Each structure stands twice: as structure tokens, then as C-alpha cells.
Amino acid sequence: MALNKDEHSECEKFIELISLMLDNEASSEEEEYLAQHVDDSAPCLEKLESEKEYREMLKKKIGMKEVPVDLINAIKTKIKSLV
Amino acid sequence: MKDLYWVQAMIETNNVLANSEESNISTKYEYSDQEKVRIFYDEFMPHIDSMYNFAYRLTFDEDDSKDLVQDTYLKAYRFVRSFQQGTNAKAWLYRILKNSFINDFRKKSKEPAKVDYQEVENFYNSDDVDDNKTVDLRTDTVKDMIGDEVSNALNSLAIDFRTVIILCDLEGFTYEEMAKILDIPIGTVRSRLHRARNLLKEKLKSYAHEMGFGKSEN
């Protein structure tokens, strides 16, 4: 969504706060402050949803490779030889 | 030959750790052999899945990942006295693996294509992003994207940017943990993460555009 100039400057300060909150780095006061703003700001709500989707998409789409069993065995064998 | 490699690896470990935080506390914790083994199996080994995946996302090669993870675990055992049991083993192991990759593994790499590619990416990634802006992804841009495309986009980022995305968005490390793993200030973690996410989103948008969905996005 394109923002007009006033909306943009008003919401700009919340963009970093959105990242902090989703990274679990915001204080409870900051989270409350953001929540109040998001209730009144469609662009910031949209930004919040977009950032949530980005994070969920990454975790969902990038799979984990299985650890080769021979690697685990090789490490255990090495450790046994050092004890 | 393997023994020679092992001796060499341990000498290099001493060099790597000599300049790091671990060296300052390397004799702080006294453990019996039994305790060392317990820490190794109970606190270090449970993280081998994410360690292997971290190594793979750094090297893009299964054999290289295995070497890097094995090297990391052997260093962890050797330097276990610098680890306080019950503390954040995962972050400690990540730090060792990252240092091994940067200080040791990449220097030994004889594959010119990887180095050239990385240099190109470093250059590309340095000049195409405005730090003050935030890139947004539309829902319909990403919903049809398949895992390979997302992985390719992530893998195409320069190592510093790729690493913060892996640590924060995939592994859920805190900014403070990332700062310790990467030896950079928290402010740098934040700015690098912001830039990395913008770069990744730009790449995802390019992929989406090439694939014909999310066309309405600018």
C-alpha cells in the first residue's frame, strides 16, 4: 500500500519497532505502544502482517537437511578415542 | 594422513581461539573426564541437526559440511573447559563453527568458482540497497513460491547477510546471542539484519516476477 507523506513519516518510526517486536526484542512498553498505534493505522497493520508472513514463509519453505548418520558416528568414535 | 590433519587442526584451533573470547576463560571450569563426556553428549550433541544445517548453508556442500561440523565438535570437546555447563551451548557451538568457517575453512578452499562468486555477491550486495527503506512482500508474491526458490534466494546472499538471516529468522537467536556469535556490536546486528532482510525480499520479488506471479508488485 502506498502511503502519503504524512502517513509515511508518522508510521516510519514504527517500522523498526515491528521488527523488534517480531524478533522478541521489544520491551513490553514498546509492544503496547505499537499495538495501540497499529489499531489506528492500516498501513502499519499491513506492514505487521507482511513481516509476520515473511518470517513464517522462511521457516516453512526452507527445510532442514537430515544429519548423515556416518557424521554422528565419526564424531562419537573420535571422542571415544580422546577420553 | 588423518592424524596429521587432526594435529594440524588442533594447532589451528589454538590459533583461532587464542584471539577469541574463549581464550580468556579457557581454564575457568574444571571438569572430570566423566563430566566432559556428559557435557558433550547431553549439551553439545543435541544441537547437531541445526549445526549441520548451518554448515550446509555456509558451504553448500555435504562433505564440506560434515568436515566443518566434525571439526567444530572436536574443538568443542577439546575446549570444553571454556564452556560453563548449563549455559547456552548452541550459541557457543555456533560461534566455534562460524570462526572455523571464516578463519580456517574458507582459507583452505581451493575452489576458485566459490571465491569469485562470493566476490561478485559482495559487490552486488553492497551497492543495491537503501538502508533507510524497508522492502515489503505481498502475500501473493510468496504464497506460491517453492522451497528451492526461497533457498536459492537465501543462498545467493553474501555470507554476512546470509548468516544473520539464518541465525535470527531460522534459528531464533536473540540479538545479544548473535552479537556474541559474530563478534559484532548489537547495533551492527540490527542494521545488518535489516539490510539482509531487504536484500532477501528483493531477491524473492525478482524470483516471483520471473515466475509470473506477484506481477503487480513494484
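Leaving aside its neighbours within four places in sequence, Q70(B) is in contact with L71(A), A74(A) and I75(A), where two residues are in contact if their C-beta atoms, placed from the backbone, lie within 7 Å. The structure is a predicted model, in which local features need pLDDT of at least 70 and side-chain atom pairs count only at pLDDT 80 or more, while totals for chains, interfaces and linings use all residues. Residues are numbered from 1 along each chain as its sequence is written, and chains are lettered from A and ligands numbered from 1 in the order in which they are written.

Q70(B) is found in helix 5 of chain B; helices (H or I, at least four residues) and strands (E, at least two) are DSSP runs, numbered from the N terminus. Q70(B) counts as partly exposed because 17 other C-beta atoms lie within 10 Å. On this scale a residue is buried if 20 or more other C-beta atoms lie within 10 Å of its own, exposed if 12 or fewer, and partly exposed in between, with C-beta atoms placed from the backbone. From Q70(B) to K205(B) the separation is 135 residues in sequence and 37 Å in space, C-alpha to C-alpha.

Helix 5 of chain B has 17 residues and reaches 24 Å from its first C-alpha to its last, close to the 24 Å expected at 1.5 Å a residue; the expected span is 1.5 Å times one less than the number of residues. The buried residues of this helix are S65(B), K66(B), D67(B), L68(B), V69(B), D71(B), T72(B), Y73(B), L74(B), K75(B) and A76(B).

Two packed helices are described by the angle between their axes and the distance between the axes. For helix 4 of chain A and helix 5 of chain B, the angle is about 30° and the axes are 10 Å apart. Axes are lines fitted to C-alpha atoms, for helices over the stretch in contact, and angles run from 0 to 180 degrees between N-to-C directions. The angle therefore makes helix 4 of chain A roughly parallel to helix 5 of chain B, given that angles under 35 degrees count as roughly parallel, over 145 as roughly antiparallel, 65 to 115 as roughly perpendicular and the rest as oblique. Helix 4 of chain A passes helix 5 of chain B in a right-handed crossing; a crossing is left-handed if the near helix is turned anticlockwise from the far one by less than a right angle, and right-handed if clockwise. On the chain A side, L71(A), A74(A), I75(A), K78(A), I79(A) and L82(A) meet K66(B), V69(B), Q70(B), Y73(B), L74(B) and Y77(B) of helix 5 of chain B. This contact has nine nonpolar, one polar and two charged residues, where Ala, Val, Leu, Ile, Met, Phe, Trp, Tyr, Cys and Pro count as nonpolar, Asp, Glu, Lys and Arg as charged, and the others, Gly among them, as polar.

Over the whole interface, 31 residues of chain B are in contact with 27 residues of chain A. Helix 5 of chain B gives the largest share of the side of chain B that touches chain A, six residues. By class, that side of chain B has 17 nonpolar, eight polar and six charged residues.

Within chain B, helix 5 (residues 62-78) also packs on helix 4 (residues 48-59), at an angle of about 130° and with the axes 8 Å apart. Helix 4 of chain B is therefore oblique to helix 5 of chain B. The crossing of helix 4 of chain B past helix 5 of chain B is right-handed. I48(B), M51(B), Y52(B), A55(B), Y56(B) and T59(B) of helix 4 of chain B meet E62(B), D64(B), S65(B), L68(B), V69(B) and T72(B) of helix 5 of chain B. Seven nonpolar, three polar and two charged residues make up the contact of helix 4 of chain B with helix 5 of chain B.

The loop between helix 4 and helix 5 of chain B holds F60(B). Most residues other than glycine have a negative phi. F60(B), although not a glycine, has a positive phi of about 60°, and F60(B) is exposed, with 12 other C-beta atoms within 10 Å.

Chain B as a whole has twelve helices and zero strands. Of its 218 residues, 36% count as buried.
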